[in-house]
Amino acid sequence: MESKPILFYDLAGRVNKCYSNNTWKIRLVLNYKAVPYEVVHTEYPDIKDLLISKGVKPNVIDEYTWFPFTLPAVTLPNGSTVQNSRAIVDELERLFPSPSMRLDNGYTERAIRLAHDLDGAWGR
Ligand SMILES: N[C@@H](CCC(=O)N[C@@H](CS)C(=O)NCC(=O)O)C(=O)O
């Protein structure tokens, strides 16, 4: 059976260049794992309707989660769509374990905390 490529929803720059640090996280993981994917360039005003149409549940807003619907998001080969970088990476790691992202190396959670601290320091 032929497997469908992953759909990777990225933000559309003026010349369809990948510019978002958040979506780059997932592009890097897909490239590292050499997973076939197709890019779907998406405009900010379309994110919400796109993800709702794919059955994505809104994020619960808290100190670190500002938007109910965000990119990056991916549609996996089974047709389910996932938003939020960490959730996406966990799914990619489960589906494509090699090469591993080594998420259990102790640095991942530290990096997430550091990113949160830096966001705060930049006057959110
Ligand atoms: N924690 C999220 C953050 C993603 C995020 O904030 N993405 C921005 C684009 S860089 C977004 O989609 N914002 C939606 C909006 O501004 O309405 C992740 O890494 O997946």
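T75 stands opposite T81 in β4. Between β3 and β4 there are 3 bridges, and the two strands run antiparallel. The model is predicted. Its open sheet has 4 strands in the order β2-β1-β3-β4, and the pairing is mixed. The edge strands are β2 (37–42) and β4, each pairing on one side only. From one strand to the next, the twist averages 25°.

**Sheet and the helix across it**

- β1 and β2 run parallel, joined by 6 bridges.
- In that pair, L11 stands opposite T42 of β2.
- β1 also pairs with β3, here in the antiparallel sense, over 3 bridges.
- F8 stands opposite V74 in β3.
- In a regular strand, side chains alternate between the two faces of the sheet.
- Helix α1 (residues 21–33) lies across β1 (6–11), β2 and β3.
- The helix α1 runs at about 150° to β1.

**Ligand shell**

- Which residues surround the ligand? They are S20, N22, Y44, I47, F67, T70, L71, P72, N84 and S85.
- The shell divides into 5 nonpolar and 5 polar residues, with no charged ones.
- L71 and P72, both in the shell, are linked by a cis peptide bond.
- N84, also in the shell, has a positive phi.

**Cis peptide bonds**

- Most peptide bonds are trans, and most residues other than glycine have a negative phi.
- The bond from L71 to P72 is cis, with omega near 15°.
- P72 sits in the loop between α2 (47–53) and β3 (73–75).
- The bond from S98 to P99 is cis as well, with omega near -5°.
- P99 belongs to the loop between α3 (85–95) and α4 (107–121).

- N84 is not a glycine, yet its phi is positive, about 80°.
- N84 lies in the loop between β4 (81–83) and α3.
- Is N84 exposed or partly exposed? N84 is partly exposed, because 17 other C-beta atoms lie within 10 Å.
- R102 is not a glycine either, and its phi is positive at about 50°.
- R102 is placed in the loop between α3 and α4.
- R102 has 10 other C-beta atoms within 10 Å, so R102 is exposed.

**M101 and its contacts**

- M101 is found in the loop between α3 and α4.
- How many C-beta neighbours does M101 have inside 10 Å? The count is 17, so M101 is partly exposed.
- Leaving aside neighbours within four places in sequence, M101 is in contact with V29, V89 and E93.
- M101 and A87 are 14 residues apart in sequence. Their C-alpha atoms are 13 Å apart in space.

**Two helix positions**

- I52 lies in helix α2.
- I52 counts as partly exposed because it has 13 C-beta neighbours inside 10 Å; exposed would require 12 or fewer.
- I52 and T42 are 10 residues apart in sequence and 14 Å apart in space, C-alpha to C-alpha.
- R110 lies in helix α4.
- R110 has 10 C-beta neighbours inside 10 Å, so R110 counts as exposed.
- R110 and F8 are 102 residues apart along the chain. Their C-alpha atoms are separated by 26 Å.

**Annotated domain**

- UniProt, in an unreviewed entry, lists residues 18–99 as "domain: GST N-terminal".
- The span 18–99 is 38% helix and 15% strand.
- The end C-alpha atoms of residues 18–99 lie 24 Å apart.

Definitions and conventions. Residues numbered from 1 in each chain as written. Predicted model: local features only at pLDDT ≥ 70, side-chain atom pairs only at ≥ 80, totals over all residues. Near = placed C-beta within 6 Å. Nonpolar A, V, L, I, M, F, W, Y, C, P; charged D, E, K, R; others polar. Buried ≥ 20, exposed ≤ 12 C-beta atoms within 10 Å, placed from the backbone. Pairing = 2+ DSSP bridges. Axes fitted to C-alpha atoms, helices over the stretch in contact; angles between N-to-C directions. Contact = placed C-beta atoms within 7 Å. UniProt positions renumbered as here; feature names shortened; annotations may be inferred.
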